[in-house]
Protein chains: 2
Amino acid sequence: MKMTTKGRYAVTAMLDLALQYGNAPTPLADIAERQNLSLSYLEQLFAQLRRAGLVSSTRGPGGGYTLGREPGSIAVSEVIKAVNEQLPKTGENCEPCYLSQVWDELSNEIERFLDSVSLADVLESTEVKTIADRQQRIFIERHEVMV
Amino acid sequence: MKMTTKGRYAVTAMLDLALQYGNAPTPLADIAERQNLSLSYLEQLFAQLRRAGLVSSTRGPGGGYTLGREPGSIAVSEVIKAVNEQLPKTGENCEPCYLSQVWDELSNEIERFLDSVSLADVLESTEVKTIADRQQRIFIERHEVMV
DNA sequence: TGAATAATTGACTGTTTTACTGGGTTATGT
DNA sequence: ACATAACCCAGTAAAACAGTCAATTATTCA
């Protein structure tokens, strides 16, 4: 399980989508603005998330992205793996380096932990919820003026 | 807590040192050979590990590196943080992206886990132990011939 | 029908990090 | 003296990161 800033971007964006779950599709432009991320970069990430079946998309006006499944059944680990996905590495001919297997065990341990945490779980956590609510309020306020 | 291959290298090398704990200092050349890593790259990593006080060094013939503390009191997280350490980033002026704090909570959770796992803990784990023993045996065999 | 919206695709760019290589200096034990 | 090994520095190729830009396609709405 690789933990990188790329994974953080993806999880953050997916949490944003999770907050909109049940509503109309969310365009990437909204997520980009709310989470302060680059739209084009999000496009790249969502191409991978879509290939992994974690989101589904609707084109045209009123379109955007929605979660492929309910927030409670999408594990954080899935999101991270989706964006870190890379071509299968050329067969490791590393005979004597057994100790690196030890690292793998640790890594698997972390992966199992993130397997058990869903997007919904994360949003349930106390501090998080108030944070998310506040963000939602600010975003709506800012856009009500414009509409 | 960033999980990268760099961290894996460092932890693997430190586990190698942990197996030699109590014996004479281990030269990096030995670790490089056993773990199939580049000597010069290890030198870079060990400069950081030394600055963090995780290893101490002895120069000259018969010299090398030893763990700064006993394997049971060095956390895996310390090793990872030591090699990932970087100049403090220019103040984040990211006001509205509250959801990234959610990621931080997850990340902290993983860090707490790795705080609780020492090098000794890792080596205690069943499969790992036999793997390490085997590696040790092979290495000794190969070098007894040369001496 | 036409304009606007928004995903989708692909190519391209600059920066940083990774993972090394090589050369040199310094300390030290034999 | 000499070999050993840490230490230090400079450079570097490849990858990953974090985007930009432009073009295309599908859809909705007026």
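Start with helix H4 of chain B, residues 76-84, which is mostly covered, with seven of its nine residues buried. Keep in mind that this is a predicted model.

Which residues of H4(B) are buried? They are B:Val76, B:Ser77, B:Val79, B:Ile80, B:Lys81, B:Ala82 and B:Val83. An α-helix has 3.6 residues a turn, so residues three or four places apart point the same way.

What do the buried residues of H4(B) pack against? In chain B, they pack against helix H1 (5-19), helix H3 (39-51), helix H5 (99-115) and helix H6 (119-124). Helix H5 (99-115) of chain A is a partner as well.

Next, the core. Nonpolar side chains tend to be buried together in soluble globular proteins. Here the largest nonpolar core has 70 residues. B:Val79, which we met among the buried residues of H4(B), is one of those with the most contacts inside this core.

Take A:Ala10 as an example. Setting aside neighbours within four places in sequence, A:Ala10 is in contact with A:Leu45, A:Leu49, A:Val79, A:Ile80 and A:Val83.

Now chain A as a whole. It has seven helices and two strands, and from the N terminus on the order is α-α-α-β-β-α-α-α-α. Of its 147 residues, 33% count as buried. Among contacts in chain A with a separation of 6 or more, 71% are between residues 24 or more positions apart.

By class, the surface near DNA strand D has ten nonpolar, 13 polar and five charged residues.

DNA strand C has 29 residues around it, of which A:Ser57, B:Thr5, B:Ser38, B:Ser40 and B:Gly60 come nearest. H3 and strand E2 (64-67) of chain A, with H1 and H3 of chain B, each give two or more residues to the surface near DNA strand C. Which element gives the most? That is H3(A), with five residues. The surface near DNA strand C divides into ten nonpolar, 14 polar and five charged residues.

Conventions. Residues numbered from 1 in each chain as written. Chains lettered and ligands numbered in written order. Predicted model: local features only at pLDDT ≥ 70, side-chain atom pairs only at ≥ 80, totals over all residues. Buried ≥ 20, exposed ≤ 12 C-beta atoms within 10 Å, placed from the backbone. Helix = DSSP H or I, 4+ residues; strand = E, 2+ residues; numbered from the N terminus. Contact = placed C-beta atoms within 7 Å. Nonpolar A, V, L, I, M, F, W, Y, C, P; charged D, E, K, R; others polar. Near = placed C-beta within 6 Å. Core = buried A, V, L, I, M, F, W, Y, C linked by C-beta atoms within 7 Å.
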